[in-house]
Amino acid sequence: MSCLSVATHFNVIFYLFFYKSLAPIKKPPEKKEEKKEEKKDEKKDEKKDEKKDDAKVEEVKPEEEHYCNMLCCKFKTKPLKDKFKQYQLPDSLDEFTDRRYIFWLFVVTLAFNYNCWFVPIRMVFPYHTDRSIPIWIFFDLLADVIYIVDILVFQTRLQFIRGGDIIYDKEEIKKHYRSSLKFTNDILSVLPFDLLYLKFGFKSVFRVNRFLKHESFFDFNDRLESIMSKAYIYRVIRTTGYLLYILHLNACLYYAASFYEGIGSTKWVYDGDGNEYLRCYYWAVRTLITIGGLPEPVTVFEIVFQLLNYFTGVFVFSSLIGQMRDVIGAATAGQTYFRASMDNTVSYMNTYKIPRQVQNRVRTWYNYTWDSQGMLDESELLEQMPTVMRTAIAVDVNFSTVSKIELFKGCDNQMLVDMLLRLKSIVYLPGDYVCKKGEIGREMYIIKQGEVQVLGGPDGTKVLVTLRTGAVFGEISLLAASGGNRRTANVVAHGFANLFILDKKDLNDILVHYPDSQKVLSRKGRKLMKDKGKKAGPVEERQKGNALFTTRPPTPKLFRTLLNARGKGVFGNFKVGQVKGFFYFIVCCFLPSSPERCVKYIY
């Protein structure tokens with residue numbers, strides 16, 4: 001077989017194999033049932049996908065926007081749910097600091113005062129008429145609703161202390177409230193004795209049990225005084241209210257006595273003219289305050305009633321006057337202390353005949369200190385508080401200022417907090433020297449309020465710089481060696497200046513407990529003194545150059561005796577200077593002396 005025929009056969013075989021491999025493979029025919037099942041599965045999958053897509057759309061769906069139309073304007077508002085969430089009460093309330101509860105106590109107090117003032121007057125005076133009864137019923141129901149809401153909503157949320165721990169759990173709070181005497185009084189105060197109206201008529205005597213809500217009234221007084229800056233004002237108003245209420249009760253009793261005796265039956269009873277409440281209140285005021293000038297009682301009942309009124313009036317009026325005096329005295333206690341301190345100081349200065357100019361400056365200091373901070377010494381007030389509270393107040397007032405001082409950056413924060421408790425506040429008058437040039441500085445100053453001027457120049461009157469609130473000076477004195485650092489300039493108060501002072505001894509006492517902070521301060525102190533051209537301590541200066549060659553001291557007698565013996569013995573062949581130098585060298589080797597002195601003697 002030739003080569004050509006072999007090649008031809010090979011090409012034919014390759015073509016057939018390659019063509020068949022490229023030809024599409026025919027699938028066998030599918031059955032109809034299988035196709036139907038696949039279609040059903042596809043439909044189910046499509047439905048599931050549609051449901052998932054709908055759920056995703058609902059989740060991604062943005063919140064509905066709420067708009068309010070007002071006249072020609074349209075503006076967006078918050079949904080009602082969000083508005084209600086703002087006013088939703090938490091599970092527990094702090095009865096001492098929560099302003100919402102204090103406001104609610106004010107509402108309960110209004111309801112309590114309504115019952116206290118109007119129940120007695122409705123029991124006695126003829127104020128139950130067909131026209132007024134619906135009004136009384138409305139306000140009675142409103143007061144009862146307030147009582148019930150207080151029991152169900154607020155009293156079951158008040159936190160309490162058990163074993164030193166504050167209880168926040170709502171169920172525990174409910175159990176504690178239900179087991180207290182307050183719960184018993186609250187339940188008794190809302191018992192519906194008003195239903196007896198149906199049998200005995202509309203009489204307000206059935207609402208006397210509402211007076212048992214008195215504890216909420218006194219709680220409101222305590223909470224309000226604790227948040228007021230000038231609580232004595234409310235105390236005066238409250239004491240005046242007590243007096244007016246006692247006169248109100250006396251007026252009701254007088255009308256009841258007049259009704260018992262008969263209106264207008266005698267000169268002593270109410271005669272029935274004018275407004276019955278105002279006439280009876282006027283009589284009650286004159287009786288309890290013991291003004292006199294009233295008609296004389298006639299019957300035995302009137303005499304006994306009048307005597308009891310006089311006795312009660314003297315006791316009640318004197319008690320209220322005494323309470324008013326205590327309230328006003330407590331309100332002006334600080335002013336009284338200030339006046340007493342100032343008077344004692346002025347008396348002392350007059351005794352020792354202090355110059356009038358100095359006395360005027362002392363008076364100015366007293367007046368400015370009292371007007372600016374309301375007390376003469378802040379430390380006296382803070383000393384009464386525990387250390388934790390004093391620390392908290394000091395941090396809130398002064399920590400931001402102290403933390404900005406470059407010298408204390410990098411120190412332990414607790415060290416700074418301890419340092420705040422050692423700061424002392426001092427007020428300087430205009431022209432007072434805070435520190436003088438050349439004196440030993442042992443304090444650092446922080447300007448709390450006002451300005452100070454740094455003076456220098458040849459005569460010490462040139463203003464080098466003016467320091468204002470928040471500035472610090474004298475910080476190098478805290479870290480200076482050898483007992484202190486001398487001031488290099490005068491610092492004078494430009495106006496009234498209130499400064500914080502930190503003593504060096506106080507800082508050293510603190511640094512004993514903070515060795516890391518002590519290292520930081522020492523390093524920064526050396527750097528600051530180096531930048532200002534100051535040294536940490538005095539160093540003995542060494543003499544250099546021509547200062548080594550000064551006038552020689554006279555030759556001692558022993559050396560002169562030896563020099564006179566030259567030419568004899570050992571020293572005969574040496575010159576005078578060489579012999580003297582040799583002996584001085586020997587002395588320097590055995591006696592303590594400076595090298596410079598030995599060099600001088602040798603040469």
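User: Start with Cys-411. Is it buried or exposed?
Analyst: This is a predicted model. In it, Cys-411 is buried, because its relative accessibility is 9% and the cut-off for buried is under 20%.

User: And what about Cys-435, buried or exposed?
Analyst: Cys-435 counts as buried, because its relative accessibility is 4%.

User: OK, new topic. How many helices and strands are there?
Analyst: The protein has 22 helices and 14 strands.

User: What order do the strands take in the open sheet of four?
Analyst: The order is E5-E14-E8-E11, and the pairing is antiparallel. Strand E5 (424-428) and strand E11 (472-473) are the edge strands. Each of them pairs on one side only.

User: How many bridges link E8 and E11?
Analyst: Two bridges. Strand E8 covers residues 443-449, and E8 runs antiparallel to E11.

User: Which residue stands opposite Val-472 there?
Analyst: Ile-446 does, with Val-472 sitting in E11.

User: Which helix lies across E5, E8 and E14?
Analyst: Helix H14, residues 356-373. Strand E14 spans 497-503. H14 runs at about 125 degrees to E5.

User: What does Thr-239 touch?
Analyst: Leaving out residues up to four places away in sequence, Thr-239 touches Leu-320, Gln-323, Met-324 and Val-327.

User: How many residues line the second largest pocket, and which lie nearest its centre?
Analyst: The lining has 19 residues. Asn-113, Phe-217, Arg-238, Gly-241 and Tyr-242 lie nearest the centre.

User: Which helices supply at least two residues each to that lining?
Analyst: Helix H4 (99-124), helix H9 (214-227) and H10 each do. H10 is also where Thr-239 is placed.

User: Last one, about the whole protein. What percentage of its residues count as buried?
Analyst: Of the 603 residues, 31% count as buried. As for contacts between residues at least 6 apart in sequence, 68% join residues at least 24 apart.

Conventions:
Residues are numbered from 1 along each chain as its sequence is written. This is a predicted model: local features need pLDDT of at least 70, side-chain atom pairs count only at pLDDT 80 or more; totals for chains, interfaces and linings use all residues. Side-chain values use heavy atoms; hydrogens and water are left out. Buried means under 20% relative accessible area, exposed over 50%, partly exposed in between (1.4 Å probe, protein chains only). Two strands pair if DSSP finds at least two bridges between them. Contact means heavy atoms within 4.5 Å. Axes are lines fitted to C-alpha atoms, for helices over the stretch in contact, and angles run from 0 to 180 degrees between N-to-C directions. On a 1 Å grid over the protein atoms alone, a cavity is a set of points where a 1.4 Å probe fits but cannot get out, and a pocket is an open set with protein on both sides within 12 Å along at least five of seven lines; lining residues have an atom within 4 Å of a point.
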